[in-house]
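Here is a walk through one protein chain, from its overall fold to single side-chain pairs. Keep the structure open while you read.

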Amino acid sequence: MSDIITAAVDALGQKLGDDVFDGSAKFVIEGEGALIIDANGVRASDDEADVTLTADVDVFQSILEGDINPTSAFMSGKLSVDGDMGMAMKLASVLA
């Protein structure tokens, strides 16, 4: 597992805190791997999910740090979304 994925799992786990994410979302970080957020928390995995979000390392890092709003990243083409758009919006509220 890449250092980027390991750091992302930790950062998203902290953002999620004790909240339970109702559904499943996969973040694919281009060139690094994937992670899943679901009712079990955050983990490195390439399992199937309700929605898959794909971005490069810089965009993902900017979203985590709050420099880029996930919706703005999607609208500008920096973040692609495949699957349940409602689940993507729910995830965006967790990341905010």
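Predicted model: local features only at pLDDT ≥ 70, side-chain atom pairs only at ≥ 80, totals over all residues.

Residues are numbered from 1 along each chain as its sequence is written, and side-chain values use heavy atoms, with hydrogens and water left out.

Start with the fold. The chain holds 4 helices and 5 strands. Helices (H or I, at least four residues) and strands (E, at least two) are DSSP runs, numbered from the N terminus. In sequence order the pattern reads α-β-β-β-β-α-α-β-α.

Next, the overall dimensions. The C-alpha trace spans about 30 × 30 × 25 Å along its principal axes. The radius of gyration of the chain is 12 Å, which agrees with the value near 12 Å for a compact globule of 96 residues. That radius is taken over C-alpha atoms, and the globule rule is 2.2 Å times the number of residues to the power 0.38.

How much of the chain is buried? Of the 96 residues, 40% are buried. Buried means under 20% relative accessible area, exposed means over 50%, and partly exposed lies in between (1.4 Å probe, protein chains only). The chain exposes about 5,100 Å², and carbon and sulfur atoms supply 47% of that area. Accessible areas come from the Shrake-Rupley method with a 1.4 Å probe; for residues, only the protein chains shown count as cover. Now the contacts, meaning heavy atoms within 4.5 Å. Among those with a separation of 6 or more, 63% join residues 24 or more positions apart.

Turn to charge. The chain carries 5 positive and 18 negative side chains. Lys and Arg count as positive and Asp and Glu as negative; His and the chain ends are not counted. The centres of the two sets lie 4 Å apart, with each charge placed at NZ of Lys, CZ of Arg, CG of Asp or CD of Glu.

The salt bridges number 4. A salt bridge is a side-chain nitrogen of Lys or Arg within 4 Å of a carboxyl oxygen of Asp or Glu. One of them pairs D46 with K26, with closest N and O atoms 3.0 Å apart. D46 lies in the loop between β3 (41–44) and β4 (51–55) and K26 in strand β1 (residues 25–29), so the pair ties together parts that are 20 residues apart in sequence. D46 is exposed at 56% relative accessible area. K26 is buried at 9%.

R43 takes part in a network of salt bridges with D38 and D47. Its closest N and O atoms with D38 are 2.9 Å apart. With D47, the N to O distance is 3.5 Å. D38 is buried at 11% relative accessible area. R43, at 29%, is partly exposed, and D47 is partly exposed at 40%.

Now look at I29 in strand β1. I29 is buried, with a relative accessible area of 1%. Which residues does I29 touch, not counting those up to four places away in sequence? They are I4, I5, A8, L35, A55, D56, V57 and F60. A55 is 26 residues from I29 in sequence, yet their C-alpha atoms are 5.4 Å apart.

Finish at S62, in helix α2 (residues 57–65). S62 counts as buried, at 19% relative accessibility. Leaving aside neighbours within four places in sequence, S62 is in contact with D67 and I68.
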